[in-house]
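Trainee: I've got a structure open and I'd like to learn how to read it. Could you walk me through a few features?

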Amino acid sequence: MIFCTITTLNRIHMAMVMAKSVKELHPNAGIAVCVVEEKIPEQARNFKYFDHIVLAKNLGHPDFYRHMFKHKLNEGCWSLKPRLLLYLLRTFQAEDRLVYLDTDTKVFSPFHEVNQVLDQSPIILTPHITHPSMQDELEKMQDELEILKHGLYNSGFIALKRTEESLRFLNWWTERLNRLCYRDLSRGIYGDQRWLDLAPIYFDVHILQHPGYNVAKWNLYHRKITLTNGKFLVNDQPLRFYHFAGFSRIRYS
């Protein structure tokens, strides 16, 4: 299995934390990092937990610089996710399972459920929320409207195995992000994420609702985190990874 992420120089420290946490729990997994810079930063080149580093301009985009010029930096990075996954499938022919994680995540326990689900389904997504808000009725609807505007599924985690179905999904997603990967809520677009709302309709997608995956500020109201015998639990199940979106002083998303 290969875990991968996309980063810029100002977030390389986050990618390092994520990669180290993966390696400690999945020592046999590979870590691939796509760097959106002109050259590979020295701190990335010398970091022992990065097994493979590729520059974004080398992923195979036919007009990379023009594409990035048309986007803000965060939008450009979002748009590269399916290209990175396709690149890894081409480059590592012996690997058949990939996990994408945003840089601002940390893994706390092994992804046992991911391997089990991938035995049956080629693509895994996680929803932002799995329970209604605890607010009163009007505030509850406002919370749900925010999710509807930004996308039902969080694109900070995607898992897939090498199949014709997952390749069709990645090619479809790539085509959409080549043209429309902007943060433009007035047009119903939120980067790479809103497109994923259609994925379970078009493709064989498993929606993973385990409370320990993609724990983040937007779902803490129904995910109780506890520490038992030195291990973090979420609703009495293992915390798999926490998504620290919104905690960075450097605005990225």
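Trainee: Let me start with a cysteine: is Cys181 buried or exposed?

Mentor: Keep in mind that this is a predicted model. Cys181 is buried, with a relative accessible area of 0%.

Trainee: How many disulfides does the structure hold?

Mentor: The general idea is that a disulfide is a covalent bond between the sulfur atoms of two cysteines. Here there are zero disulfides. Take Cys34, which is in no disulfide: its nearest cysteine sulfur belongs to Cys77 and is 7.9 Å away. Cys34 counts as buried too, at 0% relative accessibility.

Trainee: Next, helices. Why is helix α5 described as largely enclosed?

Mentor: In general, an α-helix has 3.6 residues a turn, so residues three or four places apart point the same way. As for α5, which covers residues 81-91, nine of its 11 residues are buried, so the rest of the structure largely encloses it. The buried ones include Lys81 and Arg83 as well as Leu84, Leu85 and Tyr87.

Trainee: On to strands. In which sense do β11 and β12 pair?

Mentor: Antiparallel, over four bridges, with β12 spanning residues 231-234. The two strands form a hairpin with two residues between them. Across the pair, Leu227 stands opposite Phe232 of β12.

Trainee: Which residues make the nonpolar surface patch?

Mentor: Leu227 and Phe232 turn up again, together with Leu220 and Ile225, and the patch comes to about 340 Å². Ile225 sits in β11, residues 225-228, and is partly exposed, with a relative accessible area of 34%.

Trainee: What about backbone angles: which residue in the hairpin turn has a positive phi?

Mentor: The general idea first: most residues other than glycine have a negative phi. In this hairpin, Asn229 in the turn has a positive phi of about 50°. Now look at the loop between β12 and β13, where you'll find Asn235 and Asp236. Asn235 has a positive phi of about 50° although it isn't a glycine, and Asp236, also not a glycine, has one of about 70°.

Definitions and conventions: Residues are numbered from 1 along each chain as its sequence is written. This is a predicted model: local features need pLDDT of at least 70, side-chain atom pairs count only at pLDDT 80 or more; totals for chains, interfaces and linings use all residues. Side-chain values use heavy atoms; hydrogens and water are left out. Patches are made of residues with over 30% relative accessible area and no salt bridge: like charges are joined within 9 Å, nonpolar side chains (Val, Leu, Ile, Met, Phe, Trp, Tyr) within 5 Å. Accessible areas come from the Shrake-Rupley method with a 1.4 Å probe; for residues, only the protein chains shown count as cover. A salt bridge is a side-chain nitrogen of Lys or Arg within 4 Å of a carboxyl oxygen of Asp or Glu. Buried means under 20% relative accessible area, exposed over 50%, partly exposed in between (1.4 Å probe, protein chains only). Two strands pair if DSSP finds at least two bridges between them. A disulfide is a pair of cysteine sulfur atoms within 2.5 Å.
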